[in-house]
Amino acid sequence: MQIALMIYDGSAPADSDVPRTGGVPLAPAGFAWPLCGCGGPLQFFAHLPVEDGVLSVFLCQNNPGACAFWDASSSANRVYLFPREELRPVAVPEAGLTLLPATSAIRTHVVTIDPEDACDEEGIDGAYDLARSGWKWEPEEGFGKQREVLGSLGGSPSYLEDDRLPVCPSCTGTMEFAAHLEEGITRETAMKLGGQLGYVFVCRPCREGAFLTD
Ligand SMILES: [Zn+2]
Ligand SMILES: [Zn+2]
């Protein structure tokens with residue numbers, strides 16, 4: 001099986017239409033910056049061009065531990081699937097935590113994993129973890145360059161129990177897994193996920209998205 005790792009690729013202009021974490025979101029005209037149930041603005045996390053548009057991911061970081069960005073049904077996170085055309089930089093609210101301190105470009109690197117190494121008897125899928133821990137790994141090192149891995153695109157969710165798979169709010173079908181997102185390459189550029197892994201889901205027909213951490 002193949003895993004499309006998302007690898008840190010230096011800094012990028014804040015409003016560029018390249019795969020990136022941080023920077024300013026690009027959205028269709030008339031888009032309003034999303035708000036959390038706490039009243040604060042969500043913080044922009046990632047701009048991920050995909051086959052049928054751009055996934056745009058936001059989470060609330062205004063009240064650490066209180067706003068449940070880890071829960072797909074919470075108002076503390078939002079995932080949009082925008083059409084590819086006519087996206088423009090969004091006006092940034094003046095108050096609240098809105099932007100990450102750095103914009104990190106992403107390149108995709110495909111790694112091939114033997115399925116027999118990746119799945120246990122219950123079919124739990126560890127392929128992403130294997131690909132990530134093997135990134136630039138040398139036999140004399142305990143770890144590879146794991147921090148350079150910002151996540152992965154497509155494939156299947158890593159070690160996620162079925163009961164956590166989100167349901168589309170429009171059609172009530174199970175959503176399709178779209179991406180893993182790590183916190184970031186450095187503490188300064190990181191989104192704070194409590195040390196957990198971010199999961200992005202999408203319902204393409206309804207153009208709905210969801211986010212959770214595990
Ligand atoms: Zn909040
Ligand atoms: Zn749907």
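**Notebook: a metal site and a hairpin**

I began with Cys67, which comes out as buried at 8% relative accessibility. A reminder to myself: the model is predicted.

Next I checked Cys38, and with a relative accessible area of 37% this residue is partly exposed.

I then asked which protein atoms are the donors of the zinc ion (ligand 1). They are the SG atoms of Cys36, Cys38, Cys60 and Cys67, lying 2.3 to 2.4 Å from the ion. Along the sequence I read the spacing of these donor residues as C-x1-C-x21-C-x6-C. I also looked up where two of them sit: Cys38 is in the loop between strand 3 (26–27) and strand 4 (43–50), while Cys67 is in the loop between strand 5 (53–59) and strand 6 (77–82), so this pair ties together parts that are 29 residues apart in sequence.

For the geometry, I found angles of 105 to 115° among the four donor atoms, and the site of the zinc ion (ligand 1) is tetrahedral. For my own reference, the ideal angle for four tetrahedral donors is 109.5 degrees.

Then I moved on to the hairpin. Strand 11 (residues 198–203) pairs with strand 12 in the antiparallel sense, over six bridges. Within this pairing I noted Val200 opposite Phe211 of strand 12. Four residues lie between the two strands of the hairpin, and Arg207 in the turn has a positive phi of about 55°.

Notes. Residues are numbered from 1 along each chain as its sequence is written. Chains are lettered from A and ligands numbered from 1 in the order in which they are written. This is a predicted model: local features need pLDDT of at least 70, side-chain atom pairs count only at pLDDT 80 or more; totals for chains, interfaces and linings use all residues. Side-chain values use heavy atoms; hydrogens and water are left out. Donors are N, O and S atoms within 2.8 Å of the metal (3.2 Å for Na, K and Ca); water is not among the atoms, so sites may look incomplete. Four donors count as tetrahedral if all angles lie between 85 and 135 degrees; four count as square planar and six as octahedral if opposite donors are over 155 degrees apart and all others between 65 and 115; anything else is irregular. Buried means under 20% relative accessible area, exposed over 50%, partly exposed in between (1.4 Å probe, protein chains only). Two strands pair if DSSP finds at least two bridges between them.
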